[in-house]
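I opened the model to look up a pocket, a strand and a residue. My entries follow.

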Amino acid sequence: MLNINAAPDWDNLKILSRNREDSRTYFIPGQTESIKAAARSEINKNNILLLNGMWEFRYFRSVADVPDNFVTGALGGKEEQVPSVWQAQGYEKWHYSNVNYPIPLDPPHVPNHNPCGVYKRKFILPKSFYGKEIFISFLGVASAYHVYINGALAGYDQVSHMTGEFDITRFVKEGENEICVIVYKWCDGTYLEDQDFFRCNGIFRDVFITSQPKERIVDFQFTTDANSDFSVFATCVKVKTNAEMRVGIILSDSEGKEIYKAEKNAENCFAVFEFDVKYPLLWNAETPNLYKLSVFAGEDSAAHAVGFRKFETDKDGVFRVNGVAVKCRGVNRHDSHPAKGYAVDFDDIKKDLTLMKNMNVNTIRTSHYPNDPLLLMLADEMGFYIIDEADLETHGMWSYAAENPDWRDAFVDRARRMVMRDKNHACIIMFSLGNESGYGDNHMAMAEEIRKTVPNVIIHYCENKELFSVESIMYPSIDYLEKQGKDTEDKRPFFMCEYAHSMGLGPGSFKEYWETIYKYPRLMGGCVWEWCDHAAEHKNSDGSVTYTYGGDHGEYPHDGNFCCDGLVYPDRRPSTAALEMKQAYTPLQSSYCKECGKIKFINRRDFTNISEYKVSWKALLDGREIDSGVFDGLEIAPHSTATADLPFIPEKDGEYIINIYVTDERGLYGVEKGNILSAESHIVKEAEKHTEKTDVSSPISVSETERFIRIDVKGFEIVFDKADGCISSWQAFGKEFINSEPQYPAARGLCRYPAGIKPSVWRSLTDNEQHIFAKSKEYGADKLWHRIEFANITESNEKRVVIKVNGVLAAPQRHPMLTTEITYTIFPCGSVKVNVKYEPCLKEEFLLPKYGISFEMPSEFNSVEWYGKGPGESYPDIPLSTVFGIFESSVAAMHEPYIRPQESGNRSETRYMRVKSADGTGLYITSEKPFDFSAHRYTDDELMLWRHREDVKDMGFTRISIDGYLSGIGSASCGPGPLDKYLLKSKESREFSFTLSPFKE
């Protein structure tokens, strides 16, 4: 099979394809009844022969091993599904890589021993196809392939994520036919497809055969240009045929009413129809009004959904849709499925877009390649702005190919095929020249090719800031974003093609990003990186699933868990990041004005009056609902503001909060009827501060030995260990509240780590914090020992007993980092107030994750109730996805199952919490100031050792962390760290307090 002295097609820059038809707009010939997006299996069988299903397949580790008679001889393989990727079928291990190429950098050459797969199947043409021109279409094959029909070579193609169409009329026959496809793992195009994803191979999108009359429609294009008030659209329909023939078009609305109809003879194989459409229903992402364009030529026909809209950038650099300034609230989306790789089907695509629509997303960047046309059809119908991106990324060699004229044809080919296929879709706001490929003349050649086809096109490319229609950037800081918003010199919109890197817990500061975006007209918005976690699914014998990432399969090179950077998990369950984004993209922003006592609203929609949504409220008193209702008659035009009276009167003492909800009851455009689009909390009246209880009816009994202090009060017994400097036992209601077994964490080198209340400035890190806290780890923040300098009673009387503990925090081979002063005040009511002070020791400044305390309770204390933000996790810079209320959870459920285990489960703005056992016995924890807390069934030291969510285990106790100060999260796995206001610096002194009280319900 392999002749190393010849240049095979897949290793030859001069061969981009063989016998491939020129790219054209996507349509199924003869399908004019319905233009709605649907799985191709639902299309009338007279119009299409779908070849999806079981094919005979054989995998070869090297193309050199393929027998010479592979096309006509017995294959000796087994049946496998098409579409699919062969990694999912077990023929190769999964391989994840981001920047690193999986082959040597020897462009344009790929290894001689190029793995490949051979596919074969039989098919019989429908009788309706006889006597017509027959075409076969491959919508996605990675990375290159030859097609044989009945033993004859029908064509060759590459560009993995793009349609390859071949005329097979002369190769097919009546009765049984055989198709053979050999797919190559690598080709010279591999150098242009260095995207951040699992590297998969095979026929991964639909394969089908269509027929057309010998005189036929080749292509058609629908373009419009609006007048100044968008009342009239000058419309042009250009139809290309392969013969001089009679051509007709019909433009009809969604009700089937004809808007325009005309016929004419094609001249030089073109028929051009120019006409005005007055007062059309305009297309935008909120009201995606579509029309049907039907084209007829002789016995041939085609149809396409089209829309009347105008995308432009104005003289001030503002992006406008139909004259309206629009913000792009977007996501980046890869084709990704945990079991199928990027062999996603119609249902998978629709599920993604439905979830996005229900999360207020209005923009999708097809990172980093064109998607199946079905996604664009759904986007037209459901309402999404699409940034259509060419299948181009050379991250691992940056500008090499972009600057090299030998690669120009390949660059231009990828741009042309994208724009020719997708040019008629209403949803496409920009065509993108690819991603992270440096910059060179070849990019300008791509742009010129696109401009030939689409008039007034907006072209996007991130790696050049001067030459294209928008200034695009990845992962800017808030400060940089604000600087760009203030820039009045650059007359282009400023767009974040990637921002808010959603890896593990995070990203932080959605709130500040969107406050800034709304503040400045030039700021166009951005697309979160990225939609879903990429991971490979492995089903275990017990039915559970393990998700794996780079390195788990023995692959080389790889980029670890960097693929787990999505808003939703592989199974599409939303993570905290998705819920935070959803609220940042809220259609209605609200606030409470304490001065005027009114609710202020801002309609963040671009085309929709808030009256189309249900806006409801709940009133809370100390966390409990006391009233609820609906803001009736709330009319707020797009981009407008309004106020409403507070719908209740705070009459009693206590904290009053209003929660405001926006619900979509319409059931339109994929949004589920009754979906809550937004939820916000506002404090209306703060609670009065209460003094500590000093009831002396229960005497306090104190006894002391050289090591222990024993305190008996109101039937409770507290034992204080002076060696550990903490409460080591607390018995009440016949139960022990403090875990009696101290930990012995080898990672810290400690011989003993007390289970009682102890100071803590460390927690397990997130993916976003590895760099942020690297310096603090150098100083041993993750391995601190607590040396006790002083632990004694400093006050003892009928009102209180006070124990003061002074200590030093230091790690092995490190100088002391902090001194601590912890004061325990025991009251006659049985409560214990804990006051903690931290003072810095080192001159050097670095960042710390928190200032708090932690302690362990026995396993039976396995549920938590709290009044604060919930129900999910929240952090100082991740506040939007939660509202105030009283919530309950098991301790185990407080853990968020990120694919790579990390810090999770914090609850913020907490007024009180209760951790209790099944019989209602527990500890009540409160503070004069709101605090953060977490409850888990493991230690931070253990969590940092676990690599997968399945590794997380119950260690047989409940660990409680109470934090007076907590750092933000940021998105520094690939973006900026937390804002300065969310950072905790080691040279700052910190003090906080809280009170613990035993209870029995």
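**Second largest pocket**

I sorted the lining of the second largest pocket by class: 18 nonpolar, 10 polar and six charged residues. Nonpolar here means Ala, Val, Leu, Ile, Met, Phe, Trp, Tyr, Cys and Pro; charged means Asp, Glu, Lys and Arg; the others, Gly among them, are polar. The model is predicted, with local features needing pLDDT of at least 70 and side-chain atom pairs pLDDT 80 or more, while totals for chains, interfaces and linings use all residues. Residues are numbered from 1 along each chain as its sequence is written, and side-chain values use heavy atoms, without hydrogens and water.

I read about 940 Å³ for the second largest pocket. Of its 34 lining residues, Lys511, Ser681, Lys869, Pro879 and Leu880 are the closest to the centre. A pocket is an open set of points on a 1 Å grid over the protein atoms alone, where a 1.4 Å probe fits, with protein on both sides within 12 Å along at least five of seven lines; lining residues have an atom within 4 Å of a point. The volume is the space filled by probe spheres set on the points, which are joined across faces, edges and corners.

**Ala142**

I found Ala142 in strand E8 (residues 141-142); strands are DSSP runs of at least two residues, numbered from the N terminus. Why does Ala142 count as buried? Its relative accessibility is 2%, and buried means under 20% relative accessible area (1.4 Å probe, protein chains only). I listed its contacts (heavy atoms within 4.5 Å). Beyond four places in sequence, Ala142 touches residues including Ser160, Cys200 and Tyr342.

Methods
Helix = DSSP H or I, 4+ residues; strand = E, 2+ residues; numbered from the N terminus. Buried < 20%, exposed > 50% of the residue type's maximum accessible area, 1.4 Å probe, protein only.
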